[in-house]
Amino acid sequence: MTDTASPTVRLNPKGDARAIRHGFPWVYANEVVMDRRTKGIKAGTIARLEDAERRPLGMVAVNPQSKIICRMLDRDENAVIDQAWFAAKLQLALTHRERMFAEPFYRLVHAEADGLPGVVIDRFGDTAVVQPNAAYADANIEALVAALVDVTGVATVVMNGTGRARTLEGLDERTDVMVGQTPTAAIPVQMNGATYMADVIGGQKTGLFFDQRPNHAFAASLSKGARVLDVFSHVGGFGLAALAGGAASALAVDGSQPALDLAAQGAEAMGVSDKFTTRKGDAFDVLTKLAEEGETFDVVICDPPAFAPSKKAMEAGLRAYERVARLAAPLVAEGGYLGLCSCSHAADLTKFRNASARGIGRAGRRGQIIYTGFAGPDHPLMPHLAETGYLKSVFFRL
């Protein structure tokens, strides 16, 4: 919470006050005056930010342990960051989602792009999963959750405090049910005519990835009567969408047996178990083995985890994306389709597309790009922050 006693953090002359005034939401540690007072601010504290001439820039969340020392919360330097403030942000986010989606299954808050830096909230009907990936959100979790219940009326709120982003903020890993009862079963979610089972307690991240919804729909449009291979399938993302679109068969490949079990449950709920098979294993190994077995498919989709989660990892990540394309391309029947995805914000669309095209070429195939997709409208992109537009999906006809 903020009050008149909020500390002040000041930009040094190198700090880019103009970028912040124009909407950039972050201040890096090398841009502020790091005196003893600033270094002593407790992670998660709300402070006033001033430029080098002491002119106010707004209210920020401070974490001296993070490279991103300040995250902009409000341009009004008199704003009070309390439950009512969180409720106003959540109401804005909810109004947009309710306009876009008939049912309450979506990403409700997409961090900086929805004005709540470091906060991700996915909604599964009357259950919401909150990821407070910034220190201020962790420190104010009770106010955030109370506002969430007031604004949306959800009965259950799970706090999922796991993942790389929290580690970078110096936060502990923990998962708590903050409101309601602990969900004892996976929650069925309808998307694109398919049924997905979301494990909001033990699953990956919040239990389901809503971001691929428009790309699932495109893959489904290619899949009528098709044999489909869905690699890195998680809980059946592309494979189940393809079956909903009339695919003849779908094979889901993933390294996680629990994820494949949930995918199989989804297929059962859809009444398509007879057309759905799973194969557990390392994706690169399975792709190699399928080629050795002489298998081909009409539609192959690979949706791997972030191979390039940071700039440092980018070159190795691009090589991994190239390798996926090289191993997947031989499995695509002549005239068939290969969909390749990346959720690495460090590798932009051009770099990812070029790596994918190189891999296809190295496999001795030629492809034409027929579709480029991004995350759905419940994952808005903040124009000043490339990181919010992390998802890329490129479909080739080979």
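Strands E11 and E12 pair in the antiparallel sense, over 5 bridges. E11 covers residues 187–191, and E12 covers residues 194–198. This is a predicted model, so please hear everything that follows as computed. The two strands form a hairpin with 2 residues between them. In that turn, Asn192 has a positive phi of about 55°. As for who faces whom, Ile187 stands opposite Ala198 in E12.

Now the faces of E11. In a regular strand the side chains alternate between the two faces of the sheet. On the covered face of E11 you find Ile187, Val189 and Met191. Pro188 and Gln190 sit on the uncovered face.

Next, a pocket. Which residues line the second largest pocket? Among them are Asp199, Gly202, Gly203, Gln204, His234 and Asp254. Ser256, Pro258, Ala259 and Leu262 belong to the lining too. Helix H9, residues 257–270, gives the largest share of that lining, 3 residues. Sorted by class, the lining has 6 polar, 4 nonpolar and 2 charged residues. The space in this pocket comes to about 160 Å³.

Last, one residue elsewhere. Ala137 is in helix H4, which runs over residues 135–139. Is Ala137 buried or exposed? Its relative accessibility is 0%, so Ala137 counts as buried; the cut-off for buried is under 20%. Leaving aside residues up to four places away in sequence, Ala137 touches Val119 and Pro132. Asp282 is another matter: Ala137 and Asp282 are 145 residues apart in sequence, and their C-alpha atoms are 36 Å apart in space.

Notes
Residues are numbered from 1 along each chain as its sequence is written. This is a predicted model: local features need pLDDT of at least 70, side-chain atom pairs count only at pLDDT 80 or more; totals for chains, interfaces and linings use all residues. Side-chain values use heavy atoms; hydrogens and water are left out. On a 1 Å grid over the protein atoms alone, a cavity is a set of points where a 1.4 Å probe fits but cannot get out, and a pocket is an open set with protein on both sides within 12 Å along at least five of seven lines; lining residues have an atom within 4 Å of a point. Grid points are joined across faces, edges and corners, and a volume is the space filled by probe spheres set on the points. Helices (H or I, at least four residues) and strands (E, at least two) are DSSP runs, numbered from the N terminus. Ala, Val, Leu, Ile, Met, Phe, Trp, Tyr, Cys and Pro count as nonpolar, Asp, Glu, Lys and Arg as charged, and the others, Gly among them, as polar. Buried means under 20% relative accessible area, exposed over 50%, partly exposed in between (1.4 Å probe, protein chains only). Two strands pair if DSSP finds at least two bridges between them. Contact means heavy atoms within 4.5 Å.
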